[in-house]
Amino acid sequence: MTRPDKHDFDSLTGNSWSVHGGNHADETTGAIRTPIVMANSYRLPQDPSDIDEPGYQGLVYTREHGANQRGLEEKLAKLDHGEAAAVFGTGMAALHGAFFTILNPGDHAIVSNVVYMRVAGLFTDVFPQKLGIEVDFVDITDLDQVRAAVRQNTKLVHTEVIANPDLRVADIPALAGIAHEADALLTVDSTFTPPPMMRPLDHGADLVIHSLTKYYNGHGDAMGGVVIGNRDLVEQTRTGAMWHAGGAISPFNAWLIMRGSTTLPLRLERQCQNALAVAEFLAADPRVVHVAYPGLPGDDQHQAAIEQLTNGFGGVVSFAIGGTHHDRLRFVNDLRVITSAVSLGHDETLIAYEEYPEGPANAFAQPFRDHGLIRLAMGLEAKEDLIADLETSLTTALGPAT
Ligand SMILES: Cc1ncc(COP(=O)(O)O)c(C=O)c1O
């Protein structure tokens with residue numbers, strides 16, 4: 001029996017689409033998986049002027065479309081309920097591509113005052129100087145503050161669903177309402193909340209962006225990013241920010257992310273379970289000064305999380321411990337199962353401790369200012385091993401819990 005073509009899978013649920021979406025059996029060899037196509041160009045049609053026709057479907061040049069990119073885009077668009085997707089070489093290339101598409105010189109952007117630091121950098125150090133973009137950083141969970149920031153030239157509202165690193169939760173439908181009333185667009189970085197946890201387009205976002213480097217790839221060995229939304233906006237992003245500015249993903253990385261993403265729902269389930277168990281352990285430990293995890297019923301972000309998230313509250317827990325800076329470094333470096341490294345969504349659990357300076361996008365709660373912020377990004381290990389590792393290291397650094 002031959003394997004059915006992907007068109008037979010159109011009615012699948014998201015979790016099954018994670019397995020089958022975008023995969024095309026190879027006509028030449030009969031391989032049931034799309035091979036890695038390490039070519040930077042493809043045979044032209046007999047009349048190359050055809051490639052300039054709107055809607056031309058052939059592959060031409062890998063900066064613009066490649067076989068592995070295209071399959072991945074097909075999978076990701078449908079998983080997030082978008083019409084189209086454009087994959088990029090990194091999450092930052094995708095985010096930059098979305099902003100670059102929406103903003104023109106003189107426009108105003110409203111950006112969450114807690115966002116991934118390189119996004120903050122784009123809006124403090126790059127866009128204002130290079131494009132004359134005006135920016136206000138606001139507490140995205142305070143809707144009055146967001147409304148008050150709207151100006152006549154506001155064209156963009158940008159937020160993360162769960163913010164990196166303090167895990168505040170944005171109200172996406174309310175933000176979409178404010179943006180659209182102002183004739184602006186809402187871009188949502190959903191890196192911490194991939195499907196099936198959250199689909200921001202269903203809640204009114206105009207574009208959703210993921211760093212594919214994180215949960216989608218899931219194995220810590222490739223980088224990528226994606227912009228998903230309606231076809232027109234995604235195609236503008238593809239042509240403006242990828243064809244002209246470059247930033248394409250390599251076929252090998254697209255293939256790795258395609259392979260990693262087949263297990264995304266299963267991995268997320270485990271990571272969310274681990275996160276909840278670890279957050280509960282930390283919240284009960286007197287050596288821990290503060291825990292942020294939207295899955296904890298006592299967390300001030302819990303209500304916003306249960307209203308929007310399904311299948312868990314994410315795989316990242318942020319916390320602060322007592323002691324000195326030196327004690328906290330010792331805690332992190334003495335861990336034996338958990339690795340001190342940046343990034344998240346990997347198969348192994350990663351931890352990163354940082355003391356953040358004051359900054360427009362570092363508006364964290366007071367305990368994180370006083371004690372630094374430890375971001376723990378769950379992997380797939382057994383939760384008992386993670387908790388035992390944390391307990392041992394807390395004791396080495398700070399003494400036994402009393
Ligand atoms: C929320 C978020 N968005 C975007 C990025 C950037 O993604 P990449 O590292 O793939 O460029 C990161 C990276 O840590 C992130 O945490």
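Trainee: Which domains is the protein chain divided into?
Mentor: There are two: domain 1 covers 6-261 and domain 2 covers 264-398. Keep in mind that this is a predicted model.

Trainee: How many residues of domain 1 are in contact with domain 2?
Mentor: On the domain 1 side, 33 residues are in contact, and they meet 33 residues of domain 2. Helix H1 (14-20) and helix H4 (117-131) each give at least two residues to the side of domain 1 that touches domain 2. The largest share of that side, three residues, comes from H4. By class, this side of domain 1 has 17 nonpolar, 11 polar and five charged residues.

Trainee: And how far apart are the C-alpha centres of the two domains?
Mentor: The centres of domain 1 and domain 2 lie 27 Å apart.

Trainee: Let's go inside. Which residues of the largest nonpolar core touch the most other members?
Mentor: Those are Val226, Val227, Ile228, Ala275 and Val317, in a core of 122 residues. Helix H9 (residues 264-283) provides the largest share of this core, with eight residues. Both domains take part, as domain 1 (6-261) and domain 2 (264-398) each contribute at least three residues to the core.

Trainee: What does isoleucine 228 touch, leaving out residues up to four places away in sequence?
Mentor: Isoleucine 228 touches Leu76, Ala77, Asp80, Gly82, Ala85, Leu201, Leu207, Val208 and Val234.

Trainee: Switching to helix packing, where do H2 and H8 meet?
Mentor: Asn68, Gln69, Gly71, Leu72 and Lys75 in H2 meet Pro251, Ala254, Trp255, Ile257, Met258 and Ser261 in H8. That contact has six nonpolar, four polar and one charged residues. The axes of H2 (residues 67-79) and H8 (residues 251-261) come within 8 Å, crossing at roughly 35 degrees.

Trainee: Is the crossing of H2 and H8 left-handed or right-handed?
Mentor: Left-handed. H9 passes H13 in a right-handed crossing, and there the axes come within 10 Å and cross at roughly 35 degrees. From H9, Gln273, Asn274, Ala277, Val278 and Phe281 meet Lys383, Leu386, Ile387 and Leu390 of H13.

Trainee: What about valine 332, is it buried, partly exposed or exposed?
Mentor: Valine 332 is partly exposed because it has 18 other C-beta atoms within 10 Å, and buried would take 20 or more. Valine 332 sits in helix H11 (residues 325-334). Beyond its sequence neighbours up to four places away, valine 332 touches Ser340, Ile351, Tyr353 and Ile374.

Trainee: Where does histidine 81 lie?
Mentor: Histidine 81 is in the loop between H2 and strand S1 (84-88). Histidine 81 counts as partly exposed because it has 14 C-beta neighbours inside 10 Å.

Terms used. Residues numbered from 1 in each chain as written. Predicted model: local features only at pLDDT ≥ 70, side-chain atom pairs only at ≥ 80, totals over all residues. Core = buried A, V, L, I, M, F, W, Y, C linked by C-beta atoms within 7 Å. Buried ≥ 20, exposed ≤ 12 C-beta atoms within 10 Å, placed from the backbone. Helix = DSSP H or I, 4+ residues; strand = E, 2+ residues; numbered from the N terminus. Domains from an automatic or database assignment. Contact = placed C-beta atoms within 7 Å. Nonpolar A, V, L, I, M, F, W, Y, C, P; charged D, E, K, R; others polar. Axes fitted to C-alpha atoms, helices over the stretch in contact; angles between N-to-C directions. Left-handed = near helix turned anticlockwise from the far one by under 90°.
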